[in-house]
Amino acid sequence: MTSHRPAAVVIMAAGLGTRMKSAIPKVLHEIGGRSLVGHAVVTARALDPEHLVVVVGSGRELVEAHLQEIDPGARTAVQEQQLGTGDAVRAGLTAVPADFDGSVVVTSGDVPLLEAETLQELIAEHDKQGNAITVLTARVPDPTGYGRIIPGDDGTVAGIVEHKDATPQQRQIDEINAGIYAFDAATLRDGLSRLTTDNAQGELYLTDVLAIAKSDGKRVGAYATEDAMQTEGVNDRVQLATLRAELNRRYLDKLMRAGVTIVDPNTTWVDQTVRIERDATLLPNTQLHGATTVGSGTTIGPDTTLSDVQIGSGATIIRAHGSSSEIGDGANVGPFAYLRPGTKLGVKAKIGTFVETKNSTIGDGAKVPHLSYAGDATIGEGANIGAGTIFANYDGVAKHPTQVGKHSFIGSNSVLVAPRTIADGAYLAAGTALTEDVGPGEIAVARGRQRNIKGWVARKRAGTKTAKAAEEALSADAGQAPADHAALSDTGEKK
């Protein structure tokens, strides 16, 4: 709990987002492993408010369903028509008790870089100065499109004027309104009830509540953040990409300062939800998403993408893709491995080159080194799966499991037709198509007996290069010169 706990946080997330040109509501677009509104909710929750309200409008069914997934305790309020920020906050207050006291923080659902510490500082300044309203501000090189802060002689805020309503002189002001506020609850309720649409947009401006408070003799102050990027919003996909890159840069910087080696930050992408312990190393072109965790001393990459993968300490993952899997301490994955959901790799186990796994457990020290598919498999400790082995888990209707006992050996190019059980300490001969279980210490051989048919090539492939090569080899074996070649001298010249 913070020392300056707000009574409520209202997140405005009802905008149409037309410039995104998307069927998906703007606030559901993702950067850094969270939706835009998800970032706003996480930041708001860090303030420990008594009430958290998200104002929804466009695509509200999708937004409400998403909020139920990420924060079931958040309340929603519907802005039926897009009548401006004042109308949005007025709608938001319908979701909380009408007579609550304290401070209300109003923020936006499309400002993903905003940090909880900044809001805490805003509230602290609000309480310290005894303000009725405190607005978060920033100075920017190009304030075009932003509302300008009109300073008062006493260090307070005299007013905020929107860009479209500003005079040429006011447009020269570089201190802008971030659209984020701390309000005294009573001041906010009273101001919202007195709003009018007397402006260029014909909307109910939340900023007019400040003018109303000033006219009532109440103190309106500002808290200026030195980090203007935190106030940047997303209106189109260009801005989305810009803030995605900046969010990633900031998180990588935080990780490196905490002891993680990132060889090439320009090609490394790590979601905010990923946790990495110190002395881990990320090589170029690595992407870590979702609830991925990385233990100390682990090396990932290059060219690796992992989502929701739990990785122990001292592991190595090279040129691999994986999702919803577990990789044990000291395990080795790749290159060119594909770990599908349900894969569990034990301590010092190995999934090697061109291996695909799905819903399979590979025990401690077990190996699936080359060119294999292991689906619905349980592979015991120390077992070795030979190159080209296929766990044939699907019969066209249902999936079936296969169990390989500890320290068993599966010969190369085998097919294990599930459901099968191979006991501890068993062998399969190379090329086996297994259709029966194998007991402890047994070797299974299930393949056709080899038969060599002499003279087949000469009869069936006469005149081909293969037939010619065979004829030459047979002649050499018989100690004869090839019939269709001139004899050669010791120097290689024709006699």
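Which residues of helix 4 are buried? Select Ala116, Thr118, Leu119, Leu122, Ile123 and His126: these are the buried ones, where buried means under 20% relative accessible area with a 1.4 Å probe, protein chains only. They cover an arc of only 165° around the axis, so they sit on the same side of helix 4; the arc is taken from the directions from the helix axis to the C-beta atoms.

Before moving on: this is a predicted model, where local features need pLDDT of at least 70 and side-chain atom pairs count only at pLDDT 80 or more, while totals for chains, interfaces and linings use all residues. Residues are numbered from 1 along each chain as its sequence is written, and side-chain values use heavy atoms, with hydrogens and water left out.

Now show what covers those buried residues: helix 1 (36–45) and strand 6 (103–108) are among the elements there. Then step just past the end of helix 4 to Gly130, which has a positive phi of about 65°.

Next, pick Thr156, in the loop between strand 8 (148–151) and strand 9 (157–161). Thr156 is buried, at 6% relative accessible area. Leaving out residues up to four places away in sequence, Thr156 touches Pro151, Lys214, Arg219 and Val220, with contact meaning heavy atoms within 4.5 Å.

Last stop: select Ala40, Thr43, Ala44, Thr107, Ser108, Val111, Leu114 and Leu119, which line the largest cavity. Which element gives the most to that lining? Helix 1 does, with 3 residues.

Note on methods: Buried < 20%, exposed > 50% of the residue type's maximum accessible area, 1.4 Å probe, protein only. Helix = DSSP H or I, 4+ residues; strand = E, 2+ residues; numbered from the N terminus. 1 Å grid on protein atoms, 1.4 Å probe; cavity = no way out; pocket = protein on both sides within 12 Å on 5 of 7 lines; lining within 4 Å.
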